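User: I'd like a close look at one part of this model, and I'd rather have one connected story than a list. Here it is.

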Amino acid sequence: MKKKETFQTQPEGFTFDPLKDRIIANLKDRSNDPYIVKKVNKAIETIKRVGFPPELLKLQAERLKNSKLEAGTTN
Amino acid sequence: MNRKRYILVTDPGLKRFTFQSVGVKGNVVKAIEYTPVEVSGLKLYNLGFGDLNNFSDEFDDLSISNNGDRDKILSTVAATVLDFTRYFPGALIYVEGSTSTRTRLYQMALRANIEEINKVLSVFGLLKGTWFPFKENVNYEAFMVLRK
């Protein structure tokens, strides 16, 4: 049997998402970058002070409930 | 998004994005990081965005690139919000600039893309300690977003 030839059409380690034209690659985790840490701490401080928008929490809860029902679970 | 934007590179988990701004001052690498945060037992993601320092490869807190492509950059950042919430539809996203000027830039990004954003996202703005549904002509201190 003739061996099927394959061609590398993209750089190694990269793939293209056909739906979104995004290049997928392993990017560096920057969650511990000092800038990000500072911003996250500021976010936590602000949200502890003002809370969440109740409407968004309600919308989020409804979505989670519906997704569980669709999945056939209620827990 | 129908507006012009840059091609995005994303990690497989869709929580990190980079792109290259190409403008009057050359090429500037930008990064966007969605960092999980837990506050009062509730989870959300912080949107962190900025220039990467060429030498340290860390976010450059003080960088002002003025590369003449602001609208394209803002549309690119907005596109990551749509991407991220498509894959994490229950995720709350918190957005605040490192300065009030940068927060206004996020406001401009929301305003510039408001028609498309309103179709898929619920956006609230923080003003004097209270969250309000986003209105175009109000300057907010921060934003919180959830996919509809």
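How many bridges join strand 2 of chain B to strand 3 of chain B, and do they run parallel or antiparallel? Please take it from there and tell me what surrounds that pair.

Analyst: Keep in mind that this is a predicted model. For chain B the mean pLDDT is 90, with 98% of its residues at 70 or more, and the predictor gives the complex an ipTM of 0.89 and a pTM of 0.85.

Now to your strands. Strand 2 of chain B and strand 3 of chain B run antiparallel, joined by 8 bridges. To find your way around on screen, look for B:Thr18, which stands opposite B:Ala31 in strand 3 of chain B. The link from strand 2 of chain B to strand 3 of chain B is a hairpin through 2 residues.

Strand 3 of chain B has another partner to look at: it pairs with strand 4 of chain B in the antiparallel sense, over 10 bridges. Here B:Val39 has B:Leu42 of strand 4 of chain B as its bridge partner. There are 2 residues between the strands in this hairpin too, and B:Ser40 takes a positive phi near 55 degrees there. As a general point for reading these strands, side chains in a regular strand alternate between the two faces of the sheet.

Elsewhere in chain B, helix 1 (residues 70-87) packs against helix 2 (residues 100-112) at about 80 degrees, with the axes 9 Å apart. Helix 1 of chain B and helix 2 of chain B are therefore roughly perpendicular to each other. Residues making this contact include B:Leu74 and B:Val77 of helix 1 of chain B, along with B:Leu105 and B:Met108 of helix 2 of chain B. By class, the contact has 7 nonpolar, 1 polar and 1 charged residues.

Terms used: Residues numbered from 1 in each chain as written. Chains lettered and ligands numbered in written order. Axes fitted to C-alpha atoms, helices over the stretch in contact; angles between N-to-C directions. Helix = DSSP H or I, 4+ residues; strand = E, 2+ residues; numbered from the N terminus. Parallel < 35°, antiparallel > 145°, perpendicular 65-115°, else oblique. Contact = placed C-beta atoms within 7 Å. Nonpolar A, V, L, I, M, F, W, Y, C, P; charged D, E, K, R; others polar. pLDDT = per-residue confidence, 0-100. Pairing = 2+ DSSP bridges.
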